[in-house]
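Please keep the sequence and the model at hand while working through them.

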Amino acid sequence: MSRWGRKNVKKTPEVIRTVTEGLKSLYRKKLLPLEQYYGFHDFHSPSLEDADFDNKPMVLVVGQYSTGKTTFIKYLLEQEIPGSRVGPEPTTDCFTAIMHGDMESVIPGNALIVDPNKPFRKLNPFGNTFLNRFQCAQMSNQVLESISIIDTPGILSGAKQRVSRGYDFPAVLRWFAERVDRIILLFDAHKLEISDEFSEAIGALKGNEDKLRVVLNKADMVGTQQLMRVYGALMWSLGKVFNTPEVLRVYIGSFWSEPLMVTDNRKLFELEEEDLFADIQNLPRNAALRKLNDLVKRARLVRVHAHIISHLKQEMPSVFRKDNKKKNLIYQLPVIFSKIQLQHNISAGDFPDCAKMQEQLMVHDFTKFKTLKPNLMAALDELLSGDIAKLMPLLRQEELEAVEQPGVQGGAFLGTRAGPFSEGDPFGEENGEGCEEEEDWVVTKDKPKYDEIFYNLAPNEGKLSGTKAKDWMVSSRLPNSVLGRIWKLSDVDHDGMLDDEEFALASHLIEVKLEGHGLPPELPSRLIPPSKRRQKGSDA
């Protein structure tokens, strides 16, 4: 009876509501069993967990020491990072995952890898030396509600690179590169040399060129003619290291909140920053597509790995001369790759690095390898040919829904071209809220000084147009993203112009920023011009 009962039970189909759910299900049922059977994790990357699929998009920031990596991140967040330090020497000596949290805190690496909600549990094999150089800085920041950022140690150059880090730095970079959504490679306009460690680090990023963006930072420290030469030298160096005919996208600018030192290329920096910020802002919209792409890439590598392992197993003798045969097979691995490629019609681009595979095979017992298991390979082929295709309508639906989402918000993104300097209204709009409390206006004491500048700019009917105000504000040499935020805070009535009080407020905020202080996310009551307080009171 029980046998007949089991036969009549119909399997309820699994309902997949999101692309992420579908990818997790496919990985657990069809890809993970094959990875475990052929020891994929011993040769390539460790198994994936739910947190790897569920986590927010991540941005990996890589570069030599003193190229402005931590300052670049602070510029994006417009907030100090807990536990960070900035200086001309190699100050960032650890990997720092900067993530959203309700309270500011720093979580050490050993505690971080046991948290099932964080995608870092598989970093444990890199050992205690690395974990002592790994931490998570949590902070309440609007940018981090959409993305997480990984800050890396400055890559050493010259004599410094001879000092061992105590862990496999390129391997750690490779681990992060496989899991992040965007890799930003920073160069200093005054420091273009590519050291041995930097070359190894770039080599670790190979296979993830689609995620890579290059930033030429501190470009405001050279003139136009020098910048052209620096850009050409950088492209030549990158062409040698990446060894590809395609030209990498390089963004040129000065990514910090200080005034530009040479303003000749301000318009260029503005456009480049706009493009880079737009690329980062789109990461949450493209997160599901990136995860799908990475899973397909992983599945193709697993298929090749299974064929390699089974071929080596078949070639091994059953009794005698096993060691000699093993050495011979390792030596002939490039020929074996070619055979498998022709026999199974697999693209050469799906194969792993041959030299690295030869090195790894030296420590493995070939007699413990497994031959091809048809049902596992059939499940993998079904995943690649049919199951992924079934997720595409769901992916398109999510992409259409994501178009309506604003993407990454907060921090420096509040001052991007989506608001300031756009056509028709040079500084955009902002829906801020005032306060009805009557307090002394902190700008009052300096208003006579600002009034003199205001009337020298020839206002029309008591107001400065956006174009005139923009030309004056740009003379401060502050980056456009900062000036955009100052405009949004100052144009209290959102009419696209500045009266004398709003101009005085803008001038005050510029001076505050030039003194090194931050800007408030919203205008506090003590900064709202008195006439605008009365207007808001009457509106209420």
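Axes are lines fitted to C-alpha atoms, for helices over the stretch in contact, and angles run from 0 to 180 degrees between N-to-C directions. Helices (H or I, at least four residues) are DSSP runs, numbered from the N terminus. The model is predicted, with local features needing pLDDT of at least 70, side-chain atom pairs counting only at pLDDT 80 or more, and totals for chains, interfaces and linings using all residues. Residues are numbered from 1 along each chain as its sequence is written, and side-chain values use heavy atoms, with hydrogens and water left out.

**Exercise 1.** Describe how H18 and H19 cross, and which residues meet.

Step 1: the axes of H18 (residues 466–474) and H19 (residues 480–490) come within 11 Å and cross at roughly 130°.

Step 2: H18 and H19 are therefore oblique to each other, a class left over once angles under 35 degrees (roughly parallel), over 145 (roughly antiparallel) and 65 to 115 (roughly perpendicular) are set aside.

Step 3: on the H18 side Gly466, Ala469, Met473 and Val474 meet Leu483, Ile486 and Trp487 of H19, where contact means heavy atoms within 4.5 Å.

**Exercise 2.** Classify the orientation of H8 and H9, and list the residues that make their contact.

Step 1: H8 (residues 169–179) and H9 (residues 196–204) have axes that come within 8 Å and cross at roughly 30°.

Step 2: that angle makes H8 roughly parallel to H9.

Step 3: H8 contributes Phe169, Pro170, Leu173 and Arg174 to the contact, while H9 contributes Glu197, Glu200, Ala201 and Ala204.

Terms used:
Helix = DSSP H or I, 4+ residues; strand = E, 2+ residues; numbered from the N terminus.
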